[in-house]
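Come along and check each entry with me.

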Amino acid sequence: GKGEYDHFMLKEIHEQPTSLAQAIEGRIDPEAGRISLEGFDPGTFEGVDSVQLVACGTSYHAALYGSLALNSAGVQATALLANEYSVAAPPVDDDTLVIAVSQSGETADTLSALRRAKRHGADTLTVTNVVGSTAAREADDALFIRAGPEIGVAATKTFSSQAVMLVLLAQRIADDTRGEVPADLESLLPDLARMPEGIDDLLETSEADAVARHYLDSEAFFFIGRGLGFPVALEGALKFKEITYEHAEGFASGELKHGPLALVTPETPVFAIFTGEEDEKTLKNAEEAQTRGAPVIAVCPADHRAVEVADDHLEIPDVDSDLAGLFANVQLQLVSYYAADLLGRPIDKPRNLAKSVTVE
Ligand code: M6R
């Protein structure tokens with residue numbers, strides 16, 4: 001049941017300290033600087049020369065997050081919408097690893113992309129929450145995110161666990177294919193070990209409900225981010241539109257001036273996500289929106305320069321940039337939840353949507 005919570009979505013947002021602890025349990029050793037993923041011993045990915053990640057919706061945002069983590073670890077990787085894959089798949093061969101990212105493991109579009117990849121000779125792997133799902137049975141290998149059941153149609157805790165597992169997998173793949181562990185592992189693993197506690201603190205102190213209330217009457221809601229902040233901006237907007245029924249869009253920060261800025265008015269708050277990846281540029285982009293009258297809500301650490309500039313602030317801890325966006329995402333999950341609740345939306349079962357989309 002929902003226990004003390006009004007909705008499963010809020011319960012599942014609050015379960016993230018636990019679901020993340022379960023995801024990393026036994027899989028990281030910060031002292032030794034080691035990652036051990038059961039079933040994926042060192043050497044498993046030798047011979048892989050490129051990675052394609054296929055997924056839909058929120059899982060696609062996690063896949064995009066994973067592809068960027070792979071790229072920055074020096075591995076060639078692309079995230080693709082599974083529903084586009086049948087008409088727009090890049091070439092694959094037996095040195096390609098195709099990773100199907102799916103909470104349920106039952107999404108028809110994702111299964112069909114997985115099957116296509118297999119037919120074309122790729123190695124396949126699924127990152128999923130459901131042991132015994134079709135994806136887990138059909139892919140050559142499966143990495144389970146161990147998030148526990150997610151009832152709310154809006155994916156929350158499964159997104160953060162998918163992203164974390166993909167960040168770890170990226171290091172494993174980089175290690176196997178390039179023979180070197182990327183340098184940032186030393187800051188990543190301790191920050192990851194502390195992440196459950198960090199999310200717990202964020203949930204305790206979040207002012208997302210006040211922010212949601214403050215901007216509730218706006219015409220549209222924009223989310224911008226750069227690097228790993230970009231998939232988080234897309235996810236923030238998807239969650240917002242899905243449960244509030246308000247117009248929301250996510251953009252790469254630098255894209256704002258290439259078109260979307262025409263939409264920006266005092267009635268369009270801009271949530272700016274700062275992950276420590278060229279933040280000065282993102283701040284400049286946010287200021288361009290602010291100059292057009294848009295309120296800016298900075299999602300960043302307390303001592304960040306953006307706090308001075310922004311109209312509102314949602315705090316995240318100062319952590320490794322591989323993880324910062326995932327903290328920001330939890331703040332944005334809360335903003336969407338509280339906005340939807342204030343608007344009287346059903347939240348756990350938004351109109352027209354299903355938890356698992358089993359038709360193409
Ligand atoms: O089960 P999957 O992860 O394959 O589902 C894919 C999407 O349908 C799903 O992520 C959807 O976008 C979310 N429920 C939205 O919150």
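**Confidence.** I reminded myself that this is a predicted model. The average pLDDT of the protein is 96, and 99% of the residues score at least 70. For the complex, I wrote down an ipTM of 0.99 and a pTM of 0.98 from the predictor.

**The shell.** I found 13 residues surrounding the ligand. The closest are Ser59, Ser102, Gln103, Ser104 and Thr107. Sorting the shell by type, I got 7 polar, 4 nonpolar and 2 charged residues.

Next I looked at oxygen atoms of the ligand. One lies 2.6 Å from an N or O atom in the side chain of Ser104. For Gln103, I found a polar backbone atom 2.7 Å from a ligand oxygen. In Glu242, an N or O atom of the side chain is 2.8 Å from an oxygen atom of the ligand.

**Cover.** How much of the ligand's accessible area does the protein cover? On its own the ligand has 410 Å² of accessible area, and I noted that the protein covers 91% of that.

**Place.** My last entry is about where the ligand sits: I found it in the largest pocket.

How values were computed. Residues numbered from 1 in each chain as written. Predicted model: local features only at pLDDT ≥ 70, side-chain atom pairs only at ≥ 80, totals over all residues. Heavy atoms only, no water. pLDDT = per-residue confidence, 0-100. Near = heavy atom within 4 Å. Polar contact = N/O pair within 3.5 Å; in protein donor to acceptor, adjacent residues only side chain to side chain. Areas by Shrake-Rupley, 256 points an atom, 1.4 Å probe, with all protein chains shown as cover. 1 Å grid on protein atoms, 1.4 Å probe; cavity = no way out; pocket = protein on both sides within 12 Å on 5 of 7 lines; lining within 4 Å. Sits in = over half its atoms within 2 Å of the grid points. Nonpolar A, V, L, I, M, F, W, Y, C, P; charged D, E, K, R; others polar.
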